[in-house]
Amino acid sequence: MSSAREVQGSKRLPVKKLHTALIYLLLIIGVGIMLFPFLWMVATSFKIPQDVYNLNLIPETITFDNYATIFKKAPFGDWIKNTLIISLIGTATVVIFDTAAGYVLAKFSFIGKQVIFLIIISTIMVPTEMLIIPWYLIANEFGWSDTNWGVLFPSIITAFGIFLMRQFMDSIPSELLDAARIDGLNEWRILLNIAIPLVKPAIVTLIILTFIGNWNQFIWPLIVLQTEEKFTLPVGIVYFSSELKDTSNWILIMAGTTISIAPLILLFLIFQKQIIRGIALSGMK
């Protein structure tokens with residue numbers, strides 16, 4: 001009996017190893033397919049014009065002149081500054097307002113709470129394109145066109161952030177907060193000293209995702225901004241590409257795009273564990 005079991009186990013082992021190897025092979029192929037366009041873009045940004053259509057990931061001739069050229073031909077420094085200001089301020093407002101709203105919806109009882117929460121969540125399904133006209137009318141009415149605030153005001157609070165924070169706040173034991181109230185802490189002290197430290201993964205996730213969203217937003221800044229020096233990076237790169245007539249200048253577009261996404265890649269590599277943990281836990285009770 002024992003020898004028969006050993007034979008069956010020895011047969012299953014190669015099959016299991018083959019199955020695992022096949023899974024890893026498919027994952028490696030998938031990663032390669034996804035990474036190749038990004039790696040080619042970075043490699044192209046260091047190529048000379050003659051090699052623009054060469055698919056090699058290692059340029060035959062490496063040059064850094066492309067990065068110097070884009071700063072000479074366009075106000076890339078201003079675009080980076082504008083994008084950074086909008087992303088930082090927009091992220092700060094979202095974290096403050098969404099955290100407070102999530103705390104109230106999770107830990108306070110009042111008439112219509114569930115209805116309000118459902119209305120907030122339902123706004124996630126509204127396409128951005130449907131909101132552009134009202135946003136544009138508001139921006140014109142208050143004189144916010146062609147300003148950083150004009151780009152910022154539609155996204156100072158987000159439905160996704162409220163949902164994320166509400167889910168995490170709901171996991172905090174109410175008894176802990178009641179004990180703090182008995183000790184004499186007001187709601188702001190409870191939020192700052194007790195609730196927020198317990199939901200740090202959600203806050204880190206919200207910060208990162210909001211920053212990335214603000215950094216990459218394109219449609220609304222394209223509509224509300226008119227002055228070249230006030231463009232954000234995504235809008236500026238599109239404007240810059242439309243000004244280039246020579247197809248060899250795709251190299252300059254690749255250099256500008258590399259500058260645009262480099263901070264986001266670095267941010268994700270540093271905080272990827274927090275992002276995955278925050279998203280995974282937001283749907284758990």
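Helix α8 (residues 174–182) packs against helix α9 (residues 187–198) at an angle of about 145 degrees, and their axes are 10 Å apart. Keep in mind that this is a predicted model. The crossing of α8 past α9 is right-handed. On the α8 side, the contact is made by L176, L177, A180 and R181, while α9 brings in E187, I190, I194 and L198. Sorted by class, that makes six nonpolar residues, two charged ones and no polar ones.

Next up is helix α7, which covers residues 159–170.

| Side-chain atom | Backbone atom | Distance |
|---|---|---|
| oxygen of T158 | nitrogen of G161 | within 3.1 Å |
| polar atom of N66 | oxygen of K47 | 2.9 Å |

The T158 contact sits at the start of α7. As for N66, you'll find this residue in helix α2 (residues 65–73). Is N66 buried or exposed? Its relative accessible area is 9%, under the 20% cut-off, so N66 counts as buried. Setting aside neighbours within four places in sequence, N66 is in contact with T44, S45, F46 and K47, and also with I251, L252 and A255.

Methods: Residues are numbered from 1 along each chain as its sequence is written. This is a predicted model: local features need pLDDT of at least 70, side-chain atom pairs count only at pLDDT 80 or more; totals for chains, interfaces and linings use all residues. Side-chain values use heavy atoms; hydrogens and water are left out. Axes are lines fitted to C-alpha atoms, for helices over the stretch in contact, and angles run from 0 to 180 degrees between N-to-C directions. Helices (H or I, at least four residues) and strands (E, at least two) are DSSP runs, numbered from the N terminus. A crossing is left-handed if the near helix is turned anticlockwise from the far one by less than a right angle, and right-handed if clockwise. Contact means heavy atoms within 4.5 Å. Ala, Val, Leu, Ile, Met, Phe, Trp, Tyr, Cys and Pro count as nonpolar, Asp, Glu, Lys and Arg as charged, and the others, Gly among them, as polar. The expected span of a helix is 1.5 Å times one less than its number of residues. A polar contact is a pair of N or O atoms within 3.5 Å; within protein, one must be able to donate a hydrogen and the other to accept it, and residues adjacent in sequence count only if both atoms are side-chain atoms. Buried means under 20% relative accessible area, exposed over 50%, partly exposed in between (1.4 Å probe, protein chains only).
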